[in-house]
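Subject: Handing over a structure, with notes

Dear colleague,

I am passing on the structure below, together with what I found when going through it. Please read the notes with the structure open beside them.

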Amino acid sequence: MGNPSLRMMLNLGAGLAALAVAAPVAAQSVDPAPTPDVQPGENAAAAQAQDSSPADIVVTARRRAESLIDVPISMSAITGDQLEMQGAVDITALQDKTPNLTLQIARGSNSTLIAFSRGVGQQDPLWGFEPGIGLYIDDVYVARPQGAVLDIFDVERVEVLRGPQGTLYGRNTIGGAIKYVTKRLGHDFTGMGRVSYGAYNQLDLVGQVAIPLTDSLSIGGAVARYKRDGYGRNLTTGVDQYDKDVLAARVSAEWSPNDDIFVRIAGDRTLDKSNPRHGTRLVGNGTDPRYAPTPSVYDTRAGIGDANRVLAQGVSGTGEFHLSDTVTFKTITAYREGSTDTLIDFDNTALPVLDVPARYRDDQFTQELQLLYEGPRLQGVFGLYYLNATASGAFDTVLGLLNTTTLTSGSVKTKSYAAFGDFTYALTDKLKLSAGLRYTKDDKTGTVFRRNYTGIRSPAFGNAAAVPALIRTDYTNSRGFDQFTPRISLSYEPRQDLNFYASWGKGFKSGGFDMRGDAVFTPTTVNGYAPEKITSTELGMKGAFLDRTLFVNLAGFYSRYTDQQVTVQVPNIAGGIASFVDNAGKADIYGLELETRVVPARWFSVQTSFGYTHAKYKEFLTFISGGTTPVDVAANRVFQNTPKFTVNSSFTASTGFLGGTLSVTPEVSLRSDYTLFEIPTPALDQDGYALVNTSANWVSGDGRYRVAVNLRNLTDKRYRVGGYNFPGAIFGNSIIGYYGPPRTATATFEVRF
């Protein structure tokens with residue numbers, strides 16, 4: 001019994017058992033309590049948006065509609081109305097509300113997503129790498145992190161699943177899944193218009209409409225325009241830093257001639273033309289004022305330029321056909337593509353000391369077939385999945401002090417085939433057994449080319465006079481990866497609205513090829529890197545108590561993480577940057593997640609969430625300095641983007657006011673210390689911090705009008721969300737950081753019709 005993680009799991013199990021005995025005493029009523037009457041002048045729709053309970057939220061995490069409490073998976077579900085009323089602009093706001101989750105805008109960009117859950121995620125947003133957290137838009141897997149910072153509009157809810165997923169979702173994801181569910185059109189004419197104005201000349205315009213053409217056919221669309229000045233300035237070029245310039249749209253058509261057929265064709269397009277974020281220098285370089293830190297952390301002296309363009313778009317077709325009372329067939333066909341043209345100034349000076357112009361391109365076709373069965377005792381899904389994707393790109397690494405440039409270019413082609421199934425059988429009325437299995441086969445072909453040039457930039461990025469020199473990498477290689485990943489869970493429901501569960505499962509992320517790999521520094525890069533795997537055990541409880549005025553979601557987990565893919569980039573004495581991907585060995589991860597909601601009265605509720613993650617490497621093998629013998633450096637490595645504690649607490653109070661409902665929600669979110677990379681860097685790593693937000697909403701009695709004021713980061717806290725570390729004279733001692741938003745205030749007016 002010397003294993004602390006095992007002791008934690010046993011203690012949690014004992015605690016859950018004690019709750020099982022106490023639960024019937026705490027809540028004698030098995031039936032849901034009736035909803036209290038709405039106060040005079042209070043709008044029911046607004047109250048529901050603010051006070052939706054876990055017992056009432058219907059999710060489709062297991063490919064069928066069911067209450068959040070009934071799902072034996074650690075997950076959070078947040079409605080779109082809740083996010084909008086609390087001033088969330090994009091999905092990164094989920095990290096303040098969800099335990100053990102990190103969602104950040106990637107360093108150097110405006111719409112590239114960095115996602116981690118329970119210590120597992122995607123460290124490197126370069127093309128060709130598999131994300132550790134899967135992102136889905138209406139069941140369509142989004143393979144690229146660029147353009148994945150989804151804005152909050154036309155969204156029904158967002159589901160966040162923690163732990164490995166694969167027996168339920170089209171693409172296997174090793175660390176969890178985020179499911180972005182948009183609103184269905186329905187058969188009534190509806191519309192919405194929203195305008196928001198705020199600090200830094202923020203102007204957001206959002207419009208939605210649904211038009212029934214016949215009793216069975218509807219069309220609709222939504223468009224959003226986000227515009228904002230920057231939080232800082234580029235002191236070299238004079239343009240804004242951390243600005244926003246995004247145009248997004250969705251259109252769809254839905255056909256449902258009867259209750260047994262539903263067909264949806266949808267398309268979306270997001271164009272981000274915000275200026276690139278160049279970060280700010282955290283240290284100087286001697287007494288040279290050109291390298292000095294800027295007055296504001298949102299300012300920069302970057303001289304590489306200000307051109308930036310990210311495009312993400314796609315089309316999908318979904319069909320649901322009820323073949324009988326128990327069998328449903330579903331097909332999901334989708335094509336997505338994207339492009340990114342951006343600039344990263346690593347030295348943050350007017351000089352081309354360490355500059356990287358870059359472009360990425362990608363496309364993906366996916367086809368998923370599902371057969372769903374819902375019988376009196378057996379429910380489940382069997383599915384087939386196919387993905388055909390190509391990710392490519394190129395970038396220059398410019399070392400101006402040496403008058404040299406290294407061009408890196410290449411592509412990764414992926415074909416993935418999978419079969420999966422997950423079924424639940426009711427052993428008794430209270431005891432259910434779920435079992436799932438997935439087989440995944442990935443075939444990948446990687447092409448990587450790296451070459452040195454004399455001159456500032458290569459011919460690929462506009463310098464035709466650059467003199468070609470040593471070819472550092474030039475190969476094409478193919479590898480295949482396949483894996484069975486099982487999952488099993490047992491749930492016990494002693495009464496309605498109370499669920500105890502235990503689950504065990506495996507996760508898998510396929511290997512690949514390092515697009516930065518340098519065959520001179522690390523000859524083994526041509527062989528690619530191996531898959532990573534995780535085995536996860538979870539105990540949990542979800543329940544409603546005290547006549548449904550108290551809701552508790554509790555989960556404890558233990559994971560064994562092996563062969564984790566870690567990208568390492570280090571300066572090299574030969575005058576370059578060595579990049580390689582290590583399969584880092586073994587790690588143990590265990591922790592706890594708690595979400596509670598107390599609703600003592602219709603007009604008042606309190607929400608809290610708590611996350612604890614302990615992640616420690618047991619073995620970390622790396623090929624230091626391009627050697628051929630791996631070295632274990634576990635004692636000097638930590639998990640990045642994984643704070644030990646995450647805490648969120650808020651309350652919502654509402655009252656009748658001016659013929660409508662006025663509600664106020666103060667919120668505090670805390671995150672403990674975390675590092676930005678596996679190697680601790682005191683100049684970069686972020687100390688623990690707290691963010692304070694407040695929102696106030698007034699909704700008219702008929703629900704047509706809403707007026708809101710949202711105040712975010714009230715204490716104007718400065719906190720780093722990303723950075724780079726390239727010390728040394730030839731790199732300009734480039735240690736730079738990127739920061740989360742400062743204090744902002746936004747006013748919103750919305751009308752529905």
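K444 is buried, with a relative accessible area of 1%, where buried means under 20% relative accessible area, exposed means over 50%, and partly exposed lies in between, using a 1.4 Å probe and protein chains only. This is a predicted model, in which local features need pLDDT of at least 70 and side-chain atom pairs count only at pLDDT 80 or more, while totals for chains, interfaces and linings use all residues. Residues are numbered from 1 along each chain as its sequence is written, and side-chain values use heavy atoms, with hydrogens and water left out.

The partner of K444 in a salt bridge is E130, and the closest N and O atoms of the two are 2.9 Å apart; a salt bridge here is a side-chain nitrogen of Lys or Arg within 4 Å of a carboxyl oxygen of Asp or Glu. K444 belongs to strand β24 (residues 431-454) and E130 to the loop between β6 and β7 (133-137), so the pair ties together parts that are 314 residues apart in sequence. Strands are DSSP runs of E with at least two residues, helices are runs of H or I with at least four, and both are numbered from the N terminus. E130 is buried as well, its relative accessible area being 12%.

A search of the whole structure finds 36 salt bridges, and one of them joins R118 to E593, with the closest N and O atoms 2.8 Å apart. R118 sits in the loop between β5 (113-117) and β6 (120-121), whereas E593 is in strand β31 (residues 586-601), so this pair ties together parts that are 475 residues apart in sequence. R118 counts as buried at 5% relative accessibility, and E593 is buried with a relative accessible area of 2%.

The salt bridge between D443 and K441, at 3.3 Å from N to O, has partners that are partly exposed, with D443 at 28% relative accessibility and K441 at 31%. Elsewhere, salt bridges that share partners join D81, E84, R194, R706, E750 and R752 into one network.

Leaving aside neighbours within four places in sequence, D345 is in contact (heavy atoms within 4.5 Å) with residues including H278, A302, L354, D355 and I736.

As for the whole protein, there are three helices and 41 strands. The radius of gyration, taken over C-alpha atoms, is 26 Å, close to the 27 Å that the globule rule (2.2 Å times the number of residues to the power 0.38) gives for 753 residues, so the protein is as compact as a globular protein of that length. Buried residues make up 59% of the 753 residues, and, among contacts with a separation of 6 or more, 68% are between residues 24 or more positions apart.
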